[in-house]
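Open the model in your viewer and keep the selection panel at hand. The tour goes stop by stop.

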Amino acid sequence: MGWLVWLWRLLTGTPQTTVATVAAHHGSTARLARGLSRRPRRRWRLVPLRYQRPENRTEPRLVTQLPYRFARRSADLRHWNDLSQDGQLRRLEQLGLPVLSGPDDIACWLSLSAGELAWLTGRFWEGRAAPRVAASHYRYRWLQKRRGGRRLIEAPKPRLKRVQQQILAEILGRIPPHAAAQGFVTGRSIVTNAQPHVGQAVLLKLDLENFYPSVSYGRVTAIFRSLGYSREAAIWLARLVTTAVPAGFWEKGRPSNLAEARYLRRHLPQGAPTSPALANLSAFVLDLRLAGLARSFNARYTRYADDLTFSGDEVFQRSLAAFLPLVRQIVAQERFRLHPQKTCVQRAGQRQQVTGIVVNSKLNVRRDAYDRLKAILKNCIQYGPTSQNRERHPEFASHLRGRIAFVASLNSERGAKLRALFEQIDWTR
C-alpha cells in the first residue's frame, strides 16, 4: 500500500496519517464484509473413546510342556503359549457364569469331545472359512430386502445350533444389554421401543448398515474377555458363534460388491441364536454414548436391532443440524456405519411411526394395516378362510389371532371389532 499512499498525497495533498487511517478503515470494512458473507458454521468434534490396557495385563506364559490340547507354539518354537491363566474368576462368579479356562473345560461343559469341539470351531481348516460349502456348519440362503438389495441368512446346522443355544442360555442370556436396546431382550418389544417417542415434536430415525456382518470375530472375542474369560476360552467361544462364508458359495468365486465382502471374514451370522445377544453387547458403548448425547439435547433415544430412533421437542427440532453430525461421529468411532439412504425426519404434522407403530398422540396401529386385516377377515367370512391363506400358514387361525391380539394391544376398540369378525368365520369351509 506504500506507493498508493504516496500517489494519493501527490494528487490531493492529504496528510499521511489521514490517508493511512482511511486505507486501514477501508481494508477492515472489506474484511468484515467478507467475514459476514461467509459466517462459517462451527463444527463440533467429539473425542473418541480410547481403549486403555489394564496395568496388570500379563503376557502369554511360556511353558515347556503342552498345557492343554490344541495349545499354540511360541515364536521360538521351543515353548508353548499358555493363554488359560489370565481369566478373572471373581468376575465370572459375580455374573454367575460357568468357569471355563480352555478347550478341555469348554468341551466338558458342552458334553463334547475335544475333537468334536475343534471340528465345530473349524480348528482343522487351513483358512478362516470352510474349504467347501458342504463342509460348513451353516446353511445359506438369500432374502430380498423390501427397499432393494439382499440379506444373507446363515442358519447353523442342528449340532452347532444346540451348542449355541447353551452358550446363549448359560452365558450371554445372563448379561443385560443397555437400557436403550429394545430388540431381542426379554420383557422388551417393538411396543416398548415406540413408547418413549409418543407425542414428540420431531422424530429422527437412522439405520445401521450391515449390522451383523459389522460385528467382527475380534470384537466378539473382546466381549467374552470382558466377561472374565481367559484369552484361550474367549477365542474358542468366539469361534463357536462366528463364521466366514466359504469362497465356493459365491457365483464367481468372490462377492459381487464391497458390502458382501464382509462375509468373507469371521462375523456374526444372521440366523444363529447367539447373534442378537452378541449384537446388543457389541453396541453397548454405542448405546451408552448416543443415550448421553440425546440427554444433552433433552431428547430420547432407543434402538431396536439396527434401527436408531431419537425424538424431542421443538428445541431439539431446531438443533438437528448440530445433532446429526455428532451422531454420525459416534457411530463411525464405534466402528459401525449409517445407511446413507435411511435417514428420516418426521415432524408432528406427519404420521410418525417407530418400528411400524404410530406414535403421534398415542400408540396406535397403522390405518392401512388395520384395513388390510379387516378385509382379510371379511373375505374369510364370505369366501372361506382357505381362500385368504395365500402364504400357506399351517395354523392360519392362530396366525390371525396373533395379528388381532397385536392390534388390540395398541387399540382396544379396533381390536374388539376385529375379534367380532373373527368369531363369524366358518372354519369348516
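## Stop 1

The largest cavity holds about 80 Å³ of space. Select W125, H137, Y138, T243 and R266: of the 15 residues that line this cavity, they are the closest to its centre. A cavity here is a set of points, on a 1 Å grid over the protein atoms alone, where a 1.4 Å probe fits but cannot get out; lining residues have an atom within 4 Å of a point. Grid points are joined across faces, edges and corners, and the volume is the space filled by probe spheres set on the points.

By this rule, the count is one cavity of 30 Å³ or more.

A word on the model before moving on. It is predicted: local features need pLDDT of at least 70, side-chain atom pairs count only at pLDDT 80 or more, and totals for chains, interfaces and linings use all residues. Residues are numbered from 1 along each chain as its sequence is written, and side-chain values use heavy atoms, with hydrogens and water left out.

## Stop 1: the whole chain

Zoom out and switch to cartoon. The chain has 17 helices and twelve strands. These are DSSP runs numbered from the N terminus: helices are H or I with at least four residues, strands are E with at least two.

Colour by accessibility next. Of the 429 residues in the chain, 43% are buried. Buried means under 20% relative accessible area, exposed over 50%, and partly exposed in between (1.4 Å probe, protein chains only). Among contacts between residues at least 6 apart in sequence, 68% join residues at least 24 apart. A contact means heavy atoms within 4.5 Å.

## Stop 2: helix 11

Select residues 275-282, which form helix 11. Eight of its eight residues are buried, so the helix is largely enclosed by the rest of the structure. They are S275, P276, A277, L278, A279, N280, L281 and S282.

What do the buried residues of helix 11 pack against? Show helix 6 (158-170), helix 8 (211-214), helix 9, helix 10, helix 12 (284-296) and strand 7 (300-304).

## Stop 4

Side chains of opposite charge can pair when their charged atoms come close. The structure holds twelve salt bridges. Each is a side-chain nitrogen of Lys or Arg within 4 Å of a carboxyl oxygen of Asp or Glu.

Select R231 and D86. Their closest N and O atoms are 2.4 Å apart in a salt bridge. R231 lies in helix 10 (residues 231-241) and D86 in the loop between strand 3 and helix 3, so the pair ties together parts that are 145 residues apart in sequence. Both R231 and D86 are buried.

R225 is partly exposed at 26% relative accessibility, while D86 is buried at 15%. Salt bridges that share partners join D86, R225 and R231 into one network.

Now go to R78 and D76. This salt bridge has its closest N and O atoms 4.0 Å apart. R78 is exposed at 62% relative accessibility, and D76 is partly exposed at 34%.

## Stop 3: cysteines

How many disulfides does the structure hold? The count is zero, with a disulfide taken as a pair of cysteine sulfur atoms within 2.5 Å. Select C108: this residue is exposed, with a relative accessible area of 62%. C344 is partly exposed at 26%.

## Stop 4: two positive phi angles

Select N298, in the loop between helix 12 and strand 7. Its phi is near 55°, a positive value in a residue other than glycine. N298 is exposed, with a relative accessible area of 57%.

Finish at T355, in the loop between strand 10 (353-354) and strand 11 (357-358). T355 is not a glycine, yet has a positive phi of about 45°. T355 is partly exposed, at 24% relative accessible area.

Key:
On a 1 Å grid over the protein atoms alone, a cavity is a set of points where a 1.4 Å probe fits but cannot get out, and a pocket is an open set with protein on both sides within 12 Å along at least five of seven lines; lining residues have an atom within 4 Å of a point.
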